Amino acid sequence: MNSTIILGGDAAGLSAASKLKREDPDHEVIVLERGEWVSYGACGLPYYVKGDINNLEDLVVMEAEEFRKERDIDLRTGTEATAIDTDDRTVTAESNGKTFELRYDNLLIATGAGALTPPIEGIDLNGVFTLQSMNAGRQVKEVLEDGLEHDGERIEPESVGIVGGGYIGIEMAEAFHARGLDVHLFEMLSHVLNPFGEPTARVVEDHLREKGVAVHTETPVEAFQGQNGQVVGVDTPENTVMVDLVLMGAGVDPRTDLAEEAGVDLGQSGAIATDSYGKTNVDDVYAAGDCAEATHVVTGEPDHIPLALTANRHGRAIGATLAGNQTRTGPIAGTATLKAFDLEVARTGIVDPERAAEAGFDPVRKTLELPSRAHYYPGGTELTVTLVADENSGRLLGASMVGEEGVAQRINSVAAALHSDVTVGELEQFDFAYAPAFSPTWDPVLTAAKVLSGTIRSS
C-alpha cells in the first residue's frame, strides 16, 4: 500500500488528501496538523471580529472527525512535524510530548504561511495581535467584548493602530470601526493596497478617511510604546500615536524551515520552488499552498501570491497526481478582491507598470471612471477601472477596479482573458451580457479595453 504524508491540515493539505482518497481509496493518507483547527476559512476572521459572523466554528468547512470517518483520512491534530529525512523517507513528529517517526512514499509540504513580524521594538507587548490563526481571531474579539487588563484594571479599548495597508489591514479597519474604536492605519509605502495600483489605492484611501479612519501613508512604524507591559502607543518618525491595541497586518512569510532543512529548494520569492505539477527538487516531495511558489500566467515566471483558491486548486491537482492521474497545478494571475466599507476592490495580473517593465513588457496604463449601470437606471455608481497592456503586442497584462457594486465579479472576466493570453483589442470584442440594471451597453471592462486599445493603436 502506498503511503502519503501531508504536512498541514488546511486548504492545500486537505484538498490533496480528499482528492487522493477519492481517486485511490486504498492509498494510506496521513495528515499532520500542529494546531487544533482544520479546514477553516481564515479569510472570514475580520467579519467574525466585526460581529457579522457570530460563532468562530461557522468558519470551519469540515470537522476533523468528518475527514477521519467519511473520507478515511488519518488526520492527526495537535501533531507537529519537526524534521524530514528525504534519504530515509521519514518524517519526525511530536504529539502530546512524544516523538515518533513515520515513513512515506510521497510527501506533500503544505505548511502555509505565518504572520510577518518585523523587528519592531515592543512587538511582544500585551495588546499587540496578529490575525493569522483562528485562536488569534478569538483573542481579538474577546478583548473587544470583554476589555483588557491594564494597570490592574479592566478597560474597554477605544483606539487601535493597524500596521499594514494590505487585505487584513483594510478589512480589520472596517471591523474595528464597526466596534466603535478610533482606527489608525499605518502603511510605510506611498499607498495602501500596493498590488492594486495607485488609482485604485487613492479611491480606497479617500473612502477610509470619509469613514473616519486615520490613514497614515509613507509612515513606517519605528516602535511600540509600552506601559507595565501593555502597548499604549505607536512611534512613527513624525510623532507617537496613542492606542489601546495594535493589529499587525504587515504581510505573511511562507513557512519553509522544515523544507529548507531537508534540502528542498526555495525560489527567489523565499517560498518553495515547484514545477507545474507541484513537485520540488527532491524526489517524491511536493509543495502547495501559501508555502509554495507557482507560475504567473502573465510573466511565465515563478511567483508567490498566497491566496485561498490557489491553495485549494493546487492541493487538489497534487492529490490527483499522487493517485496516478498526472494533473498540472495551473498558473496563477493573483486575482483577488476585498471589501473596504462600502467599496468592492479587485485586481488581477500585473497592474504596476514598473513590475511589468521588469518582466520585459512595455506597459501602457489607462484609468477610467465609468458607470456601473445604464445611465438612466437608478442606483448606479461610478467605477474606477484600470487596465494595463503591453504597447508593442497589445497583450493584456492586468486590471484593477474599485466601486460600490459590480467589481468583485467583473474582475473574473479579465482574469479569464489573462489565462487566454488575449490582447486588449480582442478583449474589446468579447460578447458580454447586458441589461440596464447590471451594466451599460458597453460594460466598463469593454469600454476600458476599447480606450486602451485605441491608445496603443494611435501611439
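I looked up Tyr376 and found it in the loop between β25 and β26 (382–390). The model is predicted. I noted Tyr376 as exposed because its relative accessibility is 51%, and the cut-off for exposed is over 50%. Tyr376 forms a nonpolar surface patch with Tyr377 and Tyr434, and together they have about 330 Å² of accessible area.

Next I traced the sheet. I found five strands in an open sheet, ordered β23-β24-β27-β26-β25, with antiparallel pairing. I marked β23 (336–340) and β25 (363–371) as the edge strands, since each pairs on one side only. From one strand to the next, the twist averages 15 degrees.

I then checked β23 against β24 (residues 343–349) and recorded antiparallel pairing over five bridges. Ala340 has Leu343 in β24 as its bridge partner. I also saw helix α5 (residues 167–178) packed on the sheet, where it touches β23 and β24; its direction makes about 25 degrees with that of β23.

I turned to salt bridges and listed 18 in the structure. For Asp342 and Lys211 I noted a salt bridge of 2.8 Å, N to O. This pair links distant parts of the chain, 131 residues apart: Asp342 lies in the loop between β23 and β24, and Lys211 in the loop between α6 (198–210) and β14 (214–216). I logged Asp342 as partly exposed at 39% relative accessibility, and Lys211 as partly exposed at 29%.

Last, I looked up Arg76, whose side chain meets that of Asp74 in a salt bridge (2.9 Å, N to O).

Note on methods. Residues are numbered from 1 along each chain as its sequence is written. This is a predicted model: local features need pLDDT of at least 70, side-chain atom pairs count only at pLDDT 80 or more; totals for chains, interfaces and linings use all residues. Side-chain values use heavy atoms; hydrogens and water are left out. Two strands pair if DSSP finds at least two bridges between them. Helices (H or I, at least four residues) and strands (E, at least two) are DSSP runs, numbered from the N terminus. Axes are lines fitted to C-alpha atoms, for helices over the stretch in contact, and angles run from 0 to 180 degrees between N-to-C directions. Contact means heavy atoms within 4.5 Å. Patches are made of residues with over 30% relative accessible area and no salt bridge: like charges are joined within 9 Å, nonpolar side chains (Val, Leu, Ile, Met, Phe, Trp, Tyr) within 5 Å. Accessible areas come from the Shrake-Rupley method with a 1.4 Å probe; for residues, only the protein chains shown count as cover. A salt bridge is a side-chain nitrogen of Lys or Arg within 4 Å of a carboxyl oxygen of Asp or Glu. Buried means under 20% relative accessible area, exposed over 50%, partly exposed in between (1.4 Å probe, protein chains only).
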